[in-house]
Amino acid sequence: MLLITCPWCGPRDEIEFRWGGESHIRRPTLQSSPQDEEWADYLFYRKNPKGLHRERWVHEAGCGQWFNIARDTVSHEIVEVYRMGEAHGQAERGKRP
Amino acid sequence: MNWYSGLNLIAQGLRGHRGWEPAWRSATPKPRYDVIIVGGGGHGLATAYYLARNHGVTNVAVIEKGWIGGGNSGRNTTVIRSNYYYRESADLYEFSLKLYERLARELNYNIMFSQRGMIVTAHSRHDMELSARWAGAMRRNGVDTDMLDVSEIADRVPALNVSPRARFPVVGGFVQKRAGTARHDAVVWGYARAASALGVDIVEGCEVKGFVRSPSGSVVGIETSMGRIVADKVGMAVAGHSSVLAGMAGFRLPVTSYALQAFVSEPLKPALDTVVLSLATGMYISQSDKGGLVIGGGLDRYSSYAQRGNAPVIRDVVGSVAEQFPPFRRVRLLRHWAGIVDVVPDSSPVIGETPVPGLYLNCGWGTGGFKAIPVGGWTLAHHIATGTPHPVARPFQLERFKTGALIDEAAASGIAH
Amino acid sequence: MTGSRGSAGRRLRDGGMIQRDRPVAFSFNGKRYRGFVGDTLASALLANGVDLIGRSFKYHRPRGIMGAGCEEPNAVVQVGMGGETTPNLRATEIDLYEGLSAVSVNCWPSVSFDVGAINGVFSRFLPAGFYYKTFMWPSWHAFEWAIRRAAGLGEAPKQADPDRYETRYDHCDVLVVGAGPAGLAAARAAAATGSRVLLVEQDSHVGGRLLWDPAVIDGTEASAWIADCRRFIEAQPEARILTRTTAVGYFDHNALVLVENPAGSLGRAGPGAPRQRLWSVRASNVVLATGAAERPLVFPGNDRPGVMLASAVRHYVERYAVRPGEHAVIFTNNDDAYATASAIVRASGAVSAIVDTRAEPPRQLVETARASGIRVLAGSAVVGTKGARRLRSVRVREADGRSRDIPCDLLAVSGGYNPTVHLFCQSGGKLVYDADQALFKPSGSSRSVRSVGAAAGTMGLGASLLEAHEAGRGAAETGNPGNDAPRPSPPQASGEPPTIEACWRVDDGRGKAFVDFQNDVTADDIALAARENFRSVEHLKRYTTLGMGTDQGKTSNVNGLAIMAALTGREVPEVGTTRYRFPFTPVSFGALAGSTRGELFRPMRRTALHDWNVTAGAMMEDYGGWQRPACYPRPGESLEAAVQREALAVRNGVGVFDASPLGKIEVKGPDAATFLDRIYANTISTLRLGSIRYGLMLNEAAAIIDDGVATRIADDHFLVGTTSGGADRIAAWLEEWLQCEWPELDVLVAPVTTAWAVLSLTGPASRAVLGEVGTDIGLAPQDFPHMSFRAGTVGGIPARVSRVSYTGELTYELNVPWSLAPDLLERLIDAGRSHDILPIGVESCLLLRLEKGYLHVGTDTDGTTTSLDVGWGHVLKRTSDFVGRRSLLLPHNQRTDRLQLVGLESVDGRPLPLGAQLSLKGSGPRDADGFVSSSGYSPALRRGVALGMVRGGREKTGEGVIAVTSRGRFQARIAPLAAYDPQGERING
């Protein structure tokens, strides 16, 4: 049961949050006329790393804000939390920001 | 290979069971094989078995990082069924169910396939509409099914709360009578024993570190913790870790890995003689031959490679049992486990070629890979041996994510299964 | 302590922690006995001389009590009757209470004469995994029923559980698990810093092994030290002790799950109390002082009633004042069991011999034993036992190789201790093997988890107390480094750790040597597993069922894997342990569900008009989590008839529908129009002020996720209407796009669904009724046309009124403050009386929309239906982007033979069966040509009306289809969507 530090509300139990999958996925614009392959890549293909994963969560039962987390998918350790639009640090496995 | 039978058991018993041979040979890898299968779970072992049995390809190695059957083959709720909505899915899972029906005799290994039926219960008008449509599709697909009314369900599942005052009153449902459960480990060991007897090398404790590529980029072998092993073709059936292996081969997959939890109660005298799935809560329950109530539910709520579960999901799934089966509240949960499952966007498998020549893929079974072990093995073996997809696996190619031809059971039937 | 034979046979005259002034009557297998408050069922049965408690799982061998706690594999009983009956409880864990009634499980007709024992006779043909090798002809089904009946232990209750369960949430700086000497020392040190400390103990008393092993701490008797610790901890304002509470689960980020049995027994709840309470505790730091559990020795005949763990013997003597036998033999490979000999002697029992597998046991122990007149047989082993239902003698093979029988009725065995590392492993910790002590112990501490005392493999009392004290203080100071409260000094005690020489199996002698007692796994079974290549520890477990009983292998796992190591020429750590998983001990489903039961399990939502609806006789049903009126049947009227009547009332006059669950989301800001253009498949920005437009929302894969109307209230202010089921989902969807993809847009999203109740006044007479109720909004059609919006008052109540219709009739959707809805409804009903106004339910509303061919998202569409499939090709003419647009262009979505929404009519006018599969002319029986998605009988048209999804259906209007069901085939044809009022004139009133 994760303890997630919402950048606005502080540490809260995971049941207040909802997971939104991989972060920092670039959405192809209409102007760039993405080919089917590029569109499928955006839509369906994921890094799904065994290890550090940058993902987005929303504090659904709290402030309602989306934010980013860097989490280890094996140990579930959360090594970095940052707001939407904020540049993320260089968090690597085991290092806290 | 010893022949397994009641008579032989008696004969061996008189000699203190000293004559039983290893169920499968533990092999050290040869430098070269025709085909290497990465992943010693049910799907991988079945692939090796059918390569040998159906296609005469016996110079095959199954490479397993841990112990055979240690992944999802040994971490599931053992349900076998083919109650699918789309014809493509129904054809695939019905093929599998038919193989299961004769598997014990074919492998000479009692996998204890118990066709005790599976009842899907509906709890609202919307559920009933969905059930009618689902059952209609099953009939069209040629899969046995019957609609059930409340009294029929109450007779068959006495512990289920069907009262109109229940939080989830039961308004009806449908059954697939040929569905059931099997002993999951036995399926793994049965395939391992039969494959081994046909000459397949089973290598445990051997971790794949990378792929060997030809100058043209094809996969021509693997690098392992036991050294390099060369092969004409490599297949992978590593549910949960498909993305990791794909990463080694240099491509991505439309896969996210999640933990799927399951639970078993203390052993009880017979209290439930069918499989029940509730459309309202997504919880499903059956009773094993040993007497434990075997319970499953939805996926954990975020991606994970940790084979351990999460308390909120445990409480939610077990809470559904407590709510829908009030007599079972005093029954105690004995053990809990979690498998890492590949979830693809349409919850249907991928069986066939990868973007890399020479490398073949079996993945994406999500929460339902156990029931597909025979067909997963059969069709991947077919593709590897013949170079073309097996007809029932043709719709399940990776290509579909580019064309949009998804086979989305969850979207169509309203429940991920 | 001195003792002598009491009146109850094996009960000592004094001593123990039982309350002799509070006798308790109970029954076991129908016979009545007496015990005392403070007894467990196990101690009371032993005191009454009941040796035979149960039968084993497979061979139905007679079994007695082996342990004294949650490690007990044998003494499994069923307690209570009716809804309160509880299967598979361990007699060692049940606090005795007046009227307790328990029976043995898994035996028939009785525990002393059990037909199933025939399995024991044929046991040579039933080795581990025998069922994998047989029962294949003619099929498994021919045997399964019999196997199933033989399997299982207790009976599941057949009636609903009458008891109540609670859930509590808590947090603390330091959670100490286990209140034995180490746990008390750790908790005391932590509490002294002023930290928030929670000490949990599964027993009803704190003290752990000090309750049955005499010791001196800080110069006083252990009992005084325990009382002192307890007082100290409880005096700290932030520290608490929870007894009868077992920590069963250790989850991510130090979240622990505890189960409390408040003021009752495992068998039944205390008066007025919940039966169990589940605690979900988040701890900054955890100290695991979970102790260690003794393991038995593996030798032939080691399962006979009368064979007991040496520590359990002390437990019964010291704590319960029960002498489990008169003539004892001790069998050990370590020093600890010598204390059992002393305890038996103190309890006036006789100890015939101490059989020690070690060639040279510590001299001092041997001399002490001899001084009490006890023979010590070094380098010896028990190689067999005799006795039918109770031990009569043991056969001992002595160092010189000669064997002899020693009469005895109690054999106290000790194979050493296993640190209780379950929670540590659940927390992600790894184990190391300590060969000197022959045990697996934590490799260190991880993630703010500290193991102390016996749980850490620190077996000496003095060292254990010191370690625990340091850990408790360290854990507390991790959270509060600045704390300068006075520190208690560490507790002092002497006591060397016992020495041990591993002995995993006695392999001479004849007879079955059990490793897993409950599942009847013998040393020979492990040898068979090794022979057949089930050598990995997990294969061993799964093939033989070793460690898979309700005791979860607490006494068997380490012995089993060590035997496997020896058989396969490996070291013990090479074989390794199986995974330790949640839960540490079994947890009832009721406790896990906790207080979230019934209404609270998935809370049902109710509208402001709920009470009104119920009073009006509505048939309330669950629609997407809302309790809503399906219809308002009159007395004696069928639901179908009520729906028909309500629908006709709307077509001919007026009805009022409680549409409050419809989703309402305010979208406001300079970029609101731009934002909605991207969210809807159709354009919203061109909407005029006060106007309304119907729109579809797609997901990025182009599937329809919702539909509804968007209203422009001001240039920068929209009201987004969603389906009832979509209200929360769509509000979250808008936020996600706004925050994650388009943060540059200046837009505010506010869901207001439950701020506004909605009364939909629908039917040709609705304008007249609204006029009579009174409104300051001009109702003339030219002033307030279809698809427009006005704000004002209705009957004096502030209202937002929309001219939108889901019935095809003139409709006013009245949005009023939630709490004022019942008042308005009364007025509408009053005003509508002359027009025969009726409240209408969801079903007639859906029937009216079906006559009109309006889409019902989630019924006519599923997660694969795109906007193109419902005839919305024009959205691709837009030049701007919107969610899902690119996916509409994927080859599969562009196909013309996709399932498309069409109207359907049966040739003979009968309603088509809902969900029926459709077959086009010339199709094969397995072709998926579509299905009936909505169907009903139109009272206005007096025939069936239906919608369906048909392969390429939009180009096939007029063509025949066959609807196939299990009840027969229906001839039908593809029709326009709207069956009623196809020109759409009635909507204008």
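Here is a chat about the predicted model shown above.

Visitor: Hi! What should I know about the model before we start?
Guide: It is a predicted model, where local features need pLDDT of at least 70 and side-chain atom pairs count only at pLDDT 80 or more, while totals for chains, interfaces and linings use all residues. Residues are numbered from 1 along each chain as its sequence is written, chains are lettered from A and ligands numbered from 1 in the order in which they are written, and side-chain values use heavy atoms, with hydrogens and water left out.

Visitor: Okay, let's start with chain A. How many helices and strands does chain A have?
Guide: Chain A has 1 helix and 6 strands. Helices (H or I, at least four residues) and strands (E, at least two) are DSSP runs, numbered from the N terminus. The elements of chain A follow the order β-β-β-α-β-β-β, read from the N terminus.

Visitor: And what box do the C-alpha atoms of chain A fill?
Guide: Roughly 40 × 30 × 25 Å, taken along the principal axes.

Visitor: How many residues does chain A bring to the contact with chain B?
Guide: Chain A gives 27 residues and chain B gives 26 residues; contact means heavy atoms within 4.5 Å. About 2,300 Å² is buried between chain A and chain B, and carbon and sulfur atoms give 51% of that. Buried area is the accessible area (1.4 Å probe) that two parts lose on being put together, summed over both. On the chain A side, Phe44(A), Tyr45(A) and Asn48(A) supply 31% of the area buried against chain B, more than any other three residues.

Visitor: What about chain C against chain B, how much do they bury?
Guide: Chain C and chain B bury about 9,500 Å² between them, 53% of it on carbon and sulfur atoms. In that interface 111 residues of chain C touch 108 residues of chain B. Arg148(C), Phe589(C) and Arg926(C) lose the most area on the chain C side, together 10% of what that side buries.

Visitor: Switching to sheets. Which strands make up the open sheet of 9 strands?
Guide: The order is β5(B)-β6(B)-β4(B)-β13(B)-β14(B)-β15(B)-β12(B)-β16(B)-β31(C), with mixed pairing. Two strands pair if DSSP finds at least two bridges between them. The edge strands are β5 (146-148) of chain B and β31 (587-588) of chain C, each pairing on one side only.

Visitor: How many bridges join β16 of chain B to β31(C)?
Guide: There are 2 bridges, and β16 (residues 332-343) of chain B and β31(C) run antiparallel. Leu333(B) has Val587(C) as its bridge partner in β31(C).

Visitor: Which helix packs on that sheet?
Guide: Helix α9 (residues 311-324) of chain B does, touching β12 (256-265), β13 (275-278), β14 (284-287), β15 (293-303) and β16 of chain B. The direction of α9 makes about 145° with that of β15(B). Axes here are lines fitted to C-alpha atoms, for helices over the stretch in contact, and angles run from 0 to 180 degrees between N-to-C directions.

Visitor: There's an open sheet of 3 strands in chain C too. What is its order?
Guide: That one is β21-β22-β23, with antiparallel pairing. β21 (381-386) and β23 (403-407) of chain C each have a single partner strand, so one side of each is left without a neighbour in the sheet. Neighbouring strands are turned by 30° against each other on average, direction ignored.

Visitor: How many bridges join β22 to β23(C)?
Guide: 5 bridges join β22 (residues 393-397) of chain C to β23(C). Ser393(C) stands opposite Pro407(C) there.
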